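Take the structure below and walk through it one feature at a time. Keep the sequence at hand as you read.

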Amino acid sequence: MYNSDGRLPAHHRDGGNLKRNHTARYYVHRVKESLTTRVSKLICTVVLGLLACLGLIFFILWLNLRPHRPRIFTEYFSVPGLAQENGFEGAHVIFNVTVRNSNQGIEFNYDAMRLTVVYQDQSIGGASFLAPFSQPPKNTTVFAGELSGATLTVTNQRWQQFQADRSRGMVLFQVQLTSVIQLRVSTWWHSRRHRVHANCPVGVGRNGVITAAYQGRRCLVYFS
């Protein structure tokens, strides 16, 4: 039990081997953590990249396919014979309105168009024009015609009101257009049918012709 010098024998553990084993396990664990982190970062980068690409694609499609309302302009409007005091007997209205589809990839499908001429909030005539028609993208349809006879109701009293306004420099009318419209993208998507309204103020000068201030003016368009 005792050494020759009278001391108890000492037993030593190999601390170097434990330290080396601990160090090896530590580095293996660190390597695994590093690989896991790198794989996670790579997956996140790929997913975020895909989301960014999809977002960009949808944004570009939205810019190209974002529907714009029809653009309607009053190009011409006249009341021939307005300078004549008794012109109501042969009264007629001549008009020219353009309807434009300014969209890139959206087609408009219209039902028949209804035109009404309004004076002092009262309808003085109107009629339906054009059969149902389709309007391709970036296309303008000229909508022209004439109201007279049964489609235009102007009494002597109303004509005298025209004359009174004319003496002050201008007779103000409203041209109102209504139709039912459907938006279509190629053959794979189409919208619900909406009623579209256009309100176009028209000022007619002493000569019975639309004034320069109102010619080519864009009409107010809204849906209901």
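What follows is a tour of the helix surface, the sheet, the disulfide and the aromatic rings.

Keep in mind that this is a predicted model.

Start with helix α1, which covers residues 15–65. Leu51 lies in this helix. How exposed is Leu51? Its relative accessibility is 52%. The cut-off for exposed is over 50%, so Leu51 counts as exposed. Leu51 also belongs to a nonpolar surface patch. Cys44 has a relative accessible area of 46%. That value falls between the limits of 20% and 50%, so Cys44 is partly exposed.

Now turn to the sheet. Four strands form an open sheet, and their order is β7-β2-β1-β11. The pairing is antiparallel. Which strands sit at the edges? They are β7, residues 139–148, and β11. Each of these pairs on one side only. Look next at the contact of β1 with β11. Strand β1 spans residues 71–78. Two bridges join β1 to β11, and the two strands run antiparallel. Thr74 stands opposite Arg217, a residue of β11.

The structure holds one disulfide. Its partners are Cys200 and Cys219, with sulfur atoms 2.1 Å apart. The pair links distant parts of the chain, 19 residues apart. Cys200 is in strand β10, residues 194–204. Cys219 is in the loop between β11 (217–218) and β12 (220–223). What is the handedness of this disulfide? The torsion about the S-S bond of Cys200 and Cys219 is about 110°, so the disulfide is right-handed. Both Cys200 and Cys219 are buried.

The aromatic rings come last. A pair of rings is described by the distance of the centres and the angle of the planes. The structure holds eight aromatic pairs. One of them joins Phe108 and Tyr110. Their ring centres are 6.1 Å apart, and their planes stand at 85°. Edge-to-face requires an angle over 60 degrees, so the pair of Phe108 and Tyr110 is edge-to-face. Are these two residues buried or exposed? Phe108 is buried, and Tyr110 is buried too.

Notes:
Residues are numbered from 1 along each chain as its sequence is written. This is a predicted model: local features need pLDDT of at least 70, side-chain atom pairs count only at pLDDT 80 or more; totals for chains, interfaces and linings use all residues. Side-chain values use heavy atoms; hydrogens and water are left out. A disulfide is a pair of cysteine sulfur atoms within 2.5 Å. Buried means under 20% relative accessible area, exposed over 50%, partly exposed in between (1.4 Å probe, protein chains only). Rings of Phe, Tyr and Trp (its six-membered ring) pair if their centres lie within 6.5 Å; planes under 30 degrees apart count as stacked, over 60 as edge-to-face and the rest as tilted. Patches are made of residues with over 30% relative accessible area and no salt bridge: like charges are joined within 9 Å, nonpolar side chains (Val, Leu, Ile, Met, Phe, Trp, Tyr) within 5 Å. Accessible areas come from the Shrake-Rupley method with a 1.4 Å probe; for residues, only the protein chains shown count as cover. A salt bridge is a side-chain nitrogen of Lys or Arg within 4 Å of a carboxyl oxygen of Asp or Glu. Two strands pair if DSSP finds at least two bridges between them.
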